[in-house]
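Colleague: I have not worked with this protein before. Could you take me through the structure step by step?
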Amino acid sequence: MAVPIVAVYFLGYDLGLSDEPVIDVCPEARERRTGRRLDAGHPFVSSLRHRSRVIQIPRLAKRRRDELERFLSIFDQAQASAGDSHVLRIEEEDYPREWDFVLRRLRAAMAEQDVRRSMEGEDELLRDSVVLAQLAEEERRRAEAADQRADEQRQRVERMLARSVRQLHRLGQDAAEISAAALSIDIDEVRRVMSE
């Protein structure tokens with residue numbers, strides 16, 4: 001018997017699609033509570049082709065309207081410890097006893113050094129990827145500016161060349177003379193400029 005799989009993505013940022021913390025994607029994006037269809041213009045959402053649930057963690061803050069939002073509040077990063085953003089301050093008495101297994105699993109994961117090192121490594125990779133993206137964007141802007149300057153220079157040279165061809169033609173030289181002797185330009189180019 002096939003068991004349906006739903007991918008759950010916990011995002012530490014807001015997609016800008018909805019104020020709702022939970023978005024269902026199957027295959028179109030909808031607010032979980034209202035069912036309102038969302039414009040899936042965000043690249044992350046539009047790339048999803050499987051049944052998914054997207055949790056926008058920043059949108060969890062102070063949202064406790066139903067059981068799912070109360071459960072997800074465990075992951076609300078507004079509860080992060082002042083000394084370590086990887087550690088959430090969770091008061092067990094704020095949650096029903098049936099959720100203790102989740103709280104225990106989270107505590108166990110935080111106690112493992114490999115998990116903590118992995119989190120720190122992920123943080124480094126994230127910081128590095130942000131820096132690389134910024135550097136790539138700066139390089140792209142520089143390349144565009146250089147292309148624009150080169151294009152402007154080419155246009156200036158073409159205008160100067162056209163003026164020179166016209167001036168030499170007014171002085172009585174024909175296309176062949178201008179092409180061969182005066183400017184060393186292809187005769188077809190000289191004819192094109194003279195016909196303008």
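Predicted model: local features only at pLDDT ≥ 70, side-chain atom pairs only at ≥ 80, totals over all residues.

Colleague: Which residue does Asp-151 form a salt bridge with?

Modeller: The partner is Arg-154, and the closest N and O atoms are 2.5 Å apart. Arg-154 is likewise partly exposed, at 40% relative accessibility.

Colleague: Why are Asp-151 and Arg-154 separated by about one helical turn?

Modeller: Both belong to helix H4 and are three residues apart there, so about one turn of the helix separates them. In general, an α-helix has 3.6 residues a turn, so residues three or four places apart point the same way.

Colleague: What does helix H4 span, from its first C-alpha to its last?

Modeller: H4 covers residues 113-170, which is 58 residues, and it reaches 85 Å. That is close to the 86 Å expected at 1.5 Å a residue.

Colleague: Which residues in H4 are buried?

Modeller: Ala-162, Val-165 and Leu-168 are buried in H4. After the helix comes Gly-172, which has a positive phi, near 105 degrees.

Colleague: Let me step back. How many helices and strands does the protein have?

Modeller: There are six helices and four strands. Read from the N terminus, their order is β-β-β-α-β-α-α-α-α-α. The protein has 196 residues, and buried residues make up 23% of them.

Colleague: Which residues make up the largest nonpolar core?

Modeller: It has 11 residues in all, among them Leu-11, Leu-15, Ile-23, Val-25, Phe-44, Val-45 and Val-54. Strand S2 (22-25) and helix H1 (43-46) each supply at least two residues of this core. In general terms, nonpolar side chains tend to be buried together in soluble globular proteins.

Colleague: And which residues form a nonpolar patch on the surface?

Modeller: Val-6, Val-8 and Phe-10 form such a patch, and together they have about 240 Å² of accessible area. Val-8 is part of strand S1 (residues 7-11). With a relative accessible area of 44%, Val-8 is partly exposed.

Colleague: Back to charges, please. How many salt bridges are found in the whole structure?

Modeller: The search finds 19 salt bridges. One of them joins the side chains of Asp-19 and Arg-59, at 3.3 Å from N to O.

Colleague: Where do Asp-19 and Arg-59 sit in the chain?

Modeller: Asp-19 is in the loop between S1 and S2, whereas Arg-59 is in the loop between strand S4 (52-56) and H2. They are 40 residues apart, and the pair links distant parts of the chain. Arg-59 is partly exposed, with a relative accessible area of 23%.

Colleague: Arg-36 forms a salt bridge too; with which residue?

Modeller: With Glu-31, where the closest N and O atoms are 2.8 Å apart. Arg-36 counts as partly exposed at 44% relative accessibility, whereas Glu-31 counts as buried at 8%.

Colleague: Which residues are linked in a network of salt bridges?

Modeller: The network links Glu-20, Arg-32, Arg-33, Arg-65, Asp-66 and Glu-69.

Colleague: Now the aromatic rings. How many aromatic pairs does the count come to?

Modeller: The count is one aromatic pair. Phe-71 and Trp-99 form this pair, which is edge-to-face, with 5.2 Å from centre to centre and 80 degrees between the planes.

Colleague: Which parts does that pair tie together?

Modeller: Phe-71 lies in helix H2 (residues 67-72) and Trp-99 in the loop between H2 and helix H3 (100-111), so the pair ties together parts that are 28 residues apart in sequence.

Colleague: Are Phe-71 and Trp-99 buried or partly exposed?

Modeller: Phe-71 is partly exposed, with a relative accessible area of 22%. Trp-99 counts as buried because its relative accessibility is 7%, under the cut-off of 20%.

Colleague: One last point: where is Ala-176 found?

Modeller: Ala-176 is in helix H5 (residues 175-182), and at 41% relative accessibility Ala-176 counts as partly exposed. Ala-176 and Asp-188 are 12 residues apart in sequence, and their C-alpha atoms are 9.4 Å apart in space.

Conventions
Residues numbered from 1 in each chain as written. Heavy atoms only, no water. Phe/Tyr/Trp six-rings, centres within 6.5 Å; stacked < 30°, edge-to-face > 60°. Buried < 20%, exposed > 50% of the residue type's maximum accessible area, 1.4 Å probe, protein only. Expected span 1.5 Å × (residues − 1). Patch = residues over 30% accessible without salt bridge, like charges linked within 9 Å, V, L, I, M, F, W, Y side chains within 5 Å. Areas by Shrake-Rupley, 256 points an atom, 1.4 Å probe, with all protein chains shown as cover. Salt bridge = Lys/Arg side-chain N within 4 Å of Asp/Glu carboxyl O. Core = buried A, V, L, I, M, F, W, Y, C linked by side-chain atoms within 4.5 Å.
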